Amino acid sequence: NRGGGLGYTPGRMQQTNDHPSVLAVLVARNGAPWLRRVLSSLARQTHPRVGVLAVDNASSDGSADVLERMLGRRRVLRLDRDHGVPGAVRRALELPAAGEADFVLLLHDDVALEPHAVERMVGAARRVEDVGLVGPKVLDWDRPRVLREIGFSADRFGYPQSPLEEGELDQGQYDAPREVLFVSSAAMLLSRAAWSRAGFPDERLAPDDGDLDYGWRMRLAGFRVMVAPGAVAHHRGPAGVQAEAAPLRGRYRIERAALAALLTNCGLVTLLWVLPLYAIQGIGRLLLYLVSRRFDQAGEVMAAWGWNLAHLPGTLRRRVRAQSVRRVPDREVSRFLSPATARLTGSAQQASALLLGR
């Protein structure tokens, strides 16, 4: 569908020599106030072969009606309940037509792309060998000079890290393409080979929480994960959370996702030394919260551990799946992780600050 239109025609997504086909999967949940801007940004894409499939997660604000008016009923998949972003993505990618697209662009309902975004993400994926997942440079929805995301790393215990400072302005300092551990699912381009081998995002986790696990699995499966800063997106929702600055409820989600990612993706030998260190620093932080009377934070940590214990059978099934498609050893992934000592040092500094403050 040329000229940036929103057409989605099953059976017509095959690649041409110069223009691979891209299926944009837009997941909506009560996003009616900003869906028009999001869809308009897709219509203005300079990449000539973009189809759009919207999945409505049982919205109650008329989002599905907005989508059907702008796309037509054949391009909107209505779900009878909220399956979360990972669940909605799974249902979209299970459709036969999704398997015909060369690339799939996952998009939240509060992300607007600049006109060259898809073209430049596809270009980055084609220029670099074995790229399976590409993210754009993400700026703020209302403050277009403020950087929101430029890819993420993590430490050895699965706590996400971003190179950005709070409110950092975009001055071209991150405009070189770079490899990262993971990117946000708010706007994420996947090759067909990548999602076919690595599978779907973890449906048990909130979308931002599962991004670490998904990027890690992509790397285990032998695919590169990179940011193409020439592609720009504007995100309205919360920025990617970081462990040290997360709000209270975010701490539970980060702890839960970090431990789940470790159990799923680390090799057996790596787990034998990472898990004891994880337990030491975790128990140390728990005791610190109790001593400093931060009982709510202690409860969040314990709840996250309890969730992982209760869901251990499902995590083990996902681990078997991830390890069965492994193509690279842990040392290849570790190039994108911080040393374990960095987390232990950070925990010691945090403890000193809390106790001195008390």
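**Exercise 1.** State which residues of helix α2 are buried, and find what they pack against.

*Solution.* Helices (H or I, at least four residues) and strands (E, at least two) are DSSP runs, numbered from the N terminus. Buried means under 20% relative accessible area, exposed means over 50%, and partly exposed lies in between (1.4 Å probe, protein chains only).
Step 1: list the residues. In helix α2 (residues 63–71), the buried ones are S63, A64, V66, L67, E68 and L71.
Step 2: find the partners. Counting a contact as heavy atoms within 4.5 Å, the buried residues of α2 pack against β1, α1 (32–43), β2 and β3.
Step 3: look past the end of the helix. G72 follows α2, and its phi is positive, near 95°.

A note on the source: this is a predicted model, in which local features need pLDDT of at least 70 and side-chain atom pairs count only at pLDDT 80 or more, while totals for chains, interfaces and linings use all residues. Residues are numbered from 1 along each chain as its sequence is written, and side-chain values use heavy atoms, with hydrogens and water left out.

**Exercise 2.** Determine how many residues of helix α3 are buried, and name the elements against which they pack.

*Solution.* Step 1: count. Helix α3 (residues 84–93) is mostly covered, with seven of its 10 residues buried.
Step 1: name them. They are V85, P86, G87, A88, V89, A92 and L93.
Step 2: find the neighbours. These buried residues pack against β1, β2 (50–57), β3 (76–79), β4 and α5 (192–198).

**Exercise 3.** Describe the surroundings of strand β4 and its pairing with β1 and β11.

*Solution.* Step 1: check burial. Six of the six residues of β4 (residues 103–108) are buried, so the strand is largely enclosed by the rest of the structure.
Step 1: separate the faces. In a regular strand the side chains alternate between the two faces of the sheet. In β4, F103, L105 and L107 are buried on one side, and V104, L106 and H108 are buried on the other.
Step 2: examine the pairing. Strands of a sheet pair through backbone hydrogen bonds, either parallel or antiparallel. Two strands are counted as paired if DSSP finds at least two bridges between them. Strand β1 (residues 22–28) runs parallel to β4, joined by six bridges, and V27 has H108 as its bridge partner. With β11 (residues 187–191), β4 pairs in the antiparallel sense over five bridges; here L106 stands opposite M188.

**Exercise 4.** Identify the pairing sense of strand β6 with β12, β11 and β7.

*Solution.* Step 1: check burial. In β6 (residues 131–140), 10 of the 10 residues are buried, so β6 is largely enclosed by the rest of the structure.
Step 1: take β12 (residues 224–235). The sense is parallel, over nine bridges, and P136 stands opposite A228.
Step 2: take β11. The sense is antiparallel, over two bridges, with V134 opposite L189.
Step 3: take β7. This pairing is also antiparallel, over two bridges; L139 has L147 as its bridge partner. β6 and β7 form a hairpin with six residues between them.

**Exercise 5.** Classify the ring pair of F152 and F182, and explain which parts it ties together.

*Solution.* Step 1: apply the rule. Rings of Phe, Tyr and Trp (its six-membered ring) pair if their centres lie within 6.5 Å; planes under 30 degrees apart count as stacked, over 60 as edge-to-face and the rest as tilted. The count comes to three aromatic pairs.
Step 1: classify. The F152 and F182 pair is stacked, at 5.1 Å centre to centre with 15° between the planes.
Step 2: locate the rings. F152 lies in the loop between β7 (147–149) and β8, and F182 in the loop between β10 (178–179) and β11, so the pair ties together parts that are 30 residues apart in sequence.
Step 3: check burial. F152 is buried at 6% relative accessibility, and F182 is buried at 5%.
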